[in-house]
Each structure stands twice: as C-alpha cells, then as structure tokens.
Amino acid sequence: LVYCCEVSGRYAEAREVLARLVAVAPSSARFQRLGGVELHLGEWPAAKQSYARALALAIRERRSDTAAILRQYKKADAAAAVRGGTAAVRPGSTGAP
C-alpha cells in the first residue's frame, strides 16, 4: 500500500500508513521509508527525526547500511537547518524523552 501511494504521488497517505506501522511494529526500514516520505512532503524536522530513529534501530538490528541512513539523516538535517526547522533528535537516539 505504501509503495502504491508513493508511486502515485499520494505522499500524505503513505505517511499516515507508515506512521501507523511504526507505532505498531517499529523497524529501521519503516522509519527510513517514513523519513523519505516526509522529505517529499517538505517536513524536514519530521524527516530528520525519522532518520534518527531509523539509525538507532539499524544499529540495534545490526544492519549493514547504517552509513546510508546516516547520509539521509544529514540531508534532512541540512534541509531543516536551511528552512529554519530543527528536531531535537540526534543520530543514535530513539527520540524518547
């Protein structure tokens, strides 16, 4: 469903589906995908937070592509800084208080 929403340009709907998915069954891949959707929507701070959560989970899951997630995080971080938005989440953090 998320893929269909993305390829048809329905990013808001894809974000809603992914948000429900990560709430029920969080994974690095799902947070990474959510971050990408948020980037398409111009939601830079939210994308940055999703990528930070993806990175934290990827490390725990021992994924081999953590460097790619870190690059995506940095891209979202730069976009958020340029556009005036910031997120209070750093890579490796789960975002939990």
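Among contacts (heavy atoms within 4.5 Å) in the protein chain between residues at least 6 apart in sequence, 52% join residues at least 24 apart. The model is predicted: local features need pLDDT of at least 70, side-chain atom pairs count only at pLDDT 80 or more, and totals for chains, interfaces and linings use all residues. Residues are numbered from 1 along each chain as its sequence is written, and side-chain values use heavy atoms, with hydrogens and water left out.

The protein chain has five helices and zero strands; helices (H or I, at least four residues) and strands (E, at least two) are DSSP runs, numbered from the N terminus. Of its 97 residues, 37% count as buried, that is, under 20% relative accessible area with a 1.4 Å probe, protein chains only.

Helix α4 covers residues 44-61 and reaches 25 Å from its first C-alpha to its last, close to the 26 Å expected at 1.5 Å a residue; the expected span is 1.5 Å times one less than the number of residues. Its buried residues include Trp-44, Lys-48, Tyr-51 and Leu-55.

After α4 comes Arg-62, whose phi is positive, near 60°.

A nonpolar core is a set of buried Ala, Val, Leu, Ile, Met, Phe, Trp, Tyr and Cys residues joined through side-chain atoms within 4.5 Å. The largest has 14 residues, and Val-2, Ala-14, Leu-18, Phe-31, Leu-34 and Ile-69 touch the most other members. A second, separate core of nine residues includes Trp-44, Ala-52, Ala-76 and Ala-80.

Terms used. Buried means under 20% relative accessible area, exposed over 50%, partly exposed in between (1.4 Å probe, protein chains only).
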